[in-house]
Amino acid sequence: MTEMTGRCHCGGVRFRITQPVAGAILCHCRDCQQMHGNYNAMAAAPRDAVVFDADETLAWYASSDKARRGFCTTCASRLFKDNLGSDRLMVSMGVIDPPTGLHVMKNIWTQSKGDWYELPAEVPPA
């Protein structure tokens, strides 16, 4: 799929991803668990491929000295993780419009995963 679209729950933040992404990365770190209520599934999109059609309600929270999180100030949708200095922007899979055609390609920070679930299976990119 060449271009994907996405938005927050209220539509105050709308975006397009104009270049292909390889698959979903599932982060099981404690920060993601606390912020999302579970692990976070993300697509690593080239930073310059994320084009905003609306971002009036987009705000950024400095979650550490190395990363910030993007969310909607109206509906509180958790949208992005920005690892500072990276050429990729992590986009939460749940806000990308289906169908994505993507699969789980990698689990990260698995040592921090909750004790109440098993790791989802990984499918290497084709």
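I take two strands as paired if DSSP finds at least two bridges between them; strands (E, at least two residues) and helices (H or I, at least four) are DSSP runs numbered from the N terminus.

**Entry 1: basis.** I am working on a predicted model, in which local features need pLDDT of at least 70 and side-chain atom pairs count only at pLDDT 80 or more, while totals for chains, interfaces and linings use all residues. Residues are numbered from 1 along each chain as its sequence is written, and side-chain values use heavy atoms, with hydrogens and water left out.

**Entry 2: strand E9.** I looked up the partners of E9 (residues 88-92). E8 and E9 run antiparallel and are joined by 2 bridges, with Lys 81 as the bridge partner of Met 90 in E9. The two strands form a hairpin with 4 residues between them; in its turn, Gly 85 has a positive phi of about 90°. On strand E4 (residues 40-46), I found antiparallel pairing with E9 over 5 bridges, and Pro 46 stands opposite Arg 88. I then checked burial (buried is under 20% relative accessible area, exposed over 50%, partly exposed in between; 1.4 Å probe, protein chains only). Of the 5 residues of E9, 4 are buried.

**Entry 3: salt bridges.** I counted a salt bridge where a side-chain nitrogen of Lys or Arg lies within 4 Å of a carboxyl oxygen of Asp or Glu. The count comes to 4. Asp 82 takes part in a salt bridge with Arg 47, at 2.6 Å between the closest N and O atoms. Asp 82 lies in E8 and Arg 47 in the loop between E4 and E5, so this pair ties together parts 35 residues apart in sequence. Asp 82 also meets Arg 68 in a salt bridge (2.8 Å, N to O); Arg 68 lies in strand E7, so here the parts tied together are 14 residues apart in sequence. I note that Asp 82 is buried, with a relative accessible area of 3%, whereas Arg 47 is partly exposed at 32% and Arg 68 is partly exposed at 29%.

**Entry 4: largest pocket.** I searched a 1 Å grid over the protein atoms alone with a 1.4 Å probe; a pocket is an open set of points with protein on both sides within 12 Å along at least five of seven lines, and lining residues have an atom within 4 Å of a point. The largest pocket is lined by 13 residues, with Met 35, Arg 69, Gly 70, Phe 71 and Arg 78 nearest its centre. E8 gives the largest share of the lining, 4 residues.
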